[in-house]
Amino acid sequence: MILYDYVLSADCYAVRLLAALTGQRLETRAVDFYPGAAEKGAAFRAINPAGTLPVLVDGEVTLAEPAAILMYLATGTSFAAEGASAQEWLARSRHFAAALGGARQHDMLEVPGDIDALRAEGSLWLRILEAALFEAGEEGCGFLLGDTPTIADIAIFPHVALAPDGGVELGAWPRIRLWMRRLRALPGFIEMPGIHRLHDLKPEPGPDYGGAAA
Amino acid sequence: MTRDKRDEWYPVAIAAMLPPARGRDTLLLGEPIRVRAGDSGPQVETAEGRALPVTIAYGHVWTCLGTPGDLFPIPEAAQPGRRLVDVGMVRVKCSPLRAVENFLDIAHFPFVHTDILGSEPHTEVYRYDVRIRDEVDEVWATKVRFYQPQAAKSAEGGIETEYMYRVPHPTCSVLYKTSPPMPGEWDVIALFVQPLTEELCDVWPWMALYDDASSMAEMIQFQQMIFLQDRSILENQIPRRLPLDPGMESPTRADLTSIAYRRWLKRRGYTYGAQLVAA
């Protein structure tokens with residue numbers, strides 16, 4: 001499977017993350033999204049006429065919508081999710097991307113935008129996420145659709161975790177922070193710039209003292 | 001040997017990607033300026049319409065608010081066989097001096113650039129040499145060695161990499177490191193910082209590498225990945241401005257270059273983005 005990839009894209013990272021969590025190997029091809037805007041060029045539009053990233057190519061299959069790529073990779077794994085609630089979160093991930101991702105591109109790469117409106121919209125979606133995670137927690141669930149992570153979580157997580165890049169802090173949302181910590185602690189988790197691994201959960205280097213730290 | 005901050009050259013655009021007709025409205029040392037493609041090359045002017053000096057070097061358009069001298073040389077830029085990489089601008093809410101200082105720091109590699117530029121438990125910073133070379137008025141750190149799992153896009157596996165750091169300009173640093181495919185040569189990675197205000201900067205990384213295997217997009221993204229790993233750290237440093245007086249932060253052996261850089265800035269009278277009295 002080939003992923004046309006941009007290392008700083010939240011949606012590209014969601015694809016890399018799900019592949020890592022489900023033990024699938026991706027061959028990544030770097031596309032010069034910034035500063036080159038290569039995804040808008042003729043060469044790349046031959047692969048994806050829409051001129052967007054990420055794009056997944058698996059034999060005859062070419063997918064260019066983040067939610068569809070996640071559904072494809074999740075098929076047959078514990079991350080697969082069907083039904084209206086899953087669709088609701090996959091669709092909402094576009095709102096998170098537009099608002100929080102828009103603020104991030106504005107603050108980081110000088111992309112024009114109404115920064116106050118983007119941050120306010122992003123905060124609204126964080127409020128919705130916090131409320132949903134509270135409801136899930138009341139039912140004993142640590143993730144959006146139950147007690148195991150699914151593509152609903154993976155689709156939303158990168159945009160939320162990168163919100164501080166756009167000047168939207170996460171300190172006000174305790175359930176979001178716990179949910180992010182749960183995701184970062186999953187076996188096979190990979191990081192991206194701005195989303196760090198949990199160093200503090202790694203075993204101490206040095207001799208094994210017999211499980212005291214375990 | 002003091003020099004007015006307004007007499008320094010600063011990077012304001014990538015020369016090969018000049019902004020379209022409307023230009024790029026930006027700030028330099030707090031002053032609004034506009035960069036645009038003119039008929040005979042890039043033009044930069046102030047809000048009042050005063051044309052500013054322009055020079056093109058190392059892939060970037062440089063300008064100056066005052067009376068410029070010579071821009072520092074990077075002789076390697078002209079060496080044949082190197083690939084010159086314009087990495088693009090990244091805005092960081094930090095002091096321009098903090099951005100340079102972070103670039104000079106080796107000790108953070110295993111913790112911020114985990115499994116790429118460093119890894120636990122290989123966290124030791126070995127002894128290295130630092131001095132201010134008076135004849136060129138630059139800070140140099142040499143004989144810096146560090147174990148790196150993936151030192152560059154072109155690196156196959158872990159190698160002990162040797163580094164040299166050079167600060168030829170208050171907001172620019174040039175790093176020389178072992179070139180994985182050309183062990184006798186140095187790869188050049190530079191950080192050119194445009195100070196927007198004392199606590200906001202645009203960072204323009206630029207590279208001159210020996211690497212025939214990687215695509216340009218791969219080399220750009222490798223460096224963007226590294227630099228963006230630093231961004232969230234830089235935006236959370238306290239105090240916001242770089243303290244030039246002792247007492248605020250306790251240095252260790254790994255910080256020798258930082259100490260020399262701060263001393264050099266103070267001697268040079270460059271205090272834009274600095275904090276002078278320990279709070």
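Q: Where is P35(A)?
A: P35(A) sits in the loop between β2 and α2 of chain A. Helices (H or I, at least four residues) and strands (E, at least two) are DSSP runs, numbered from the N terminus. Bear in mind that this is a predicted model, where local features need pLDDT of at least 70, side-chain atom pairs count only at pLDDT 80 or more, and totals for chains, interfaces and linings use all residues. Residues are numbered from 1 along each chain as its sequence is written, chains are lettered from A and ligands numbered from 1 in the order in which they are written, and side-chain values use heavy atoms, with hydrogens and water left out.

Q: And the peptide bond from Y34(A) to P35(A), cis or trans?
A: That bond is cis, with omega near 5°. Chain B has a cis bond too, joining E120(B) and P121(B), with omega about 5°. P121(B) belongs to the loop between α2 (109-112) and β10 (129-133) of chain B.

Q: What's phi like at A37(A)?
A: It is near 50°, a positive value in a residue other than glycine. A37(A) is in the loop between β2 and α2 (42-45) of chain A.

Q: How accessible is A37(A)?
A: A37(A) has a relative accessible area of 35%, so it is partly exposed. The cut-offs are under 20% for buried and over 50% for exposed, with partly exposed in between (1.4 Å probe, protein chains only).

Q: What about phi at D115(B)?
A: D115(B) has phi near 70°, again positive in a residue other than glycine. The residue lies in the loop between α2 and β10 of chain B, and it counts as partly exposed because its relative accessibility is 37%.

Q: New topic: how many cavities of 30 Å³ or more does a search of the whole structure find?
A: The search finds 2. On a 1 Å grid over the protein atoms alone, a cavity is a set of points where a 1.4 Å probe fits but cannot get out, while a pocket is an open set with protein on both sides within 12 Å along at least five of seven lines; lining residues have an atom within 4 Å of a point. Grid points are joined across faces, edges and corners, and a volume is the space filled by probe spheres set on the points.

Q: What's the volume of the largest cavity, and which residues lie nearest its centre?
A: Its volume is about 310 Å³. The lining has 28 residues, with L117(B), L175(B), I189(B), Q223(B) and I226(B) nearest the centre. Elements of chain B giving two or more residues to this lining are α1 (96-104), β12 (159-169), β13 (172-179), β14 (182-197), β15 (200-209) and α3 (216-234). The largest share, 6 residues, comes from α3(B).

Q: How does that lining of the largest cavity split by class?
A: There are 17 nonpolar, 5 polar and 6 charged residues. Ala, Val, Leu, Ile, Met, Phe, Trp, Tyr, Cys and Pro count as nonpolar, Asp, Glu, Lys and Arg as charged, and the others, Gly among them, as polar.

Q: How many residues of α1(B) are buried?
A: In α1(B), 9 of its 9 residues are buried, including R98(B), E101(B) and F103(B).

Q: Where does the second largest cavity lie?
A: It lies between domain 1 (2-74) and domain 2 (84-184) of chain A, because both give residues to its lining. The domain bounds come from an automatic or database domain assignment. This cavity holds about 50 Å³ of space, and D11(A), L70(A) and R94(A) are among the residues that line it.

Q: How far apart are the centres of domain 1 and domain 2 of chain A?
A: They are separated by 21 Å, taken over C-alpha atoms. The contact (heavy atoms within 4.5 Å) takes 15 residues from domain 1 of chain A and 15 residues from domain 2 of chain A. About 1,200 Å² is buried between domain 1 and domain 2 of chain A, with carbon and sulfur atoms giving 75% of that area. Buried area is the accessible area (1.4 Å probe) that two parts lose on being put together, summed over both.

Q: And the largest pocket, what volume?
A: The largest pocket has about 900 Å³. It is lined by 33 residues, and V7(A), R16(A), I190(A), E191(A) and M225(B) are the closest to its centre. The largest share of that lining, 5 residues, comes from α3(B).

Q: Which residues lie nearest the centre of the second largest pocket?
A: Those are Y34(A), L109(A), E110(A), V111(A) and R22(B), out of 26 lining residues. That pocket has about 740 Å³ of space.
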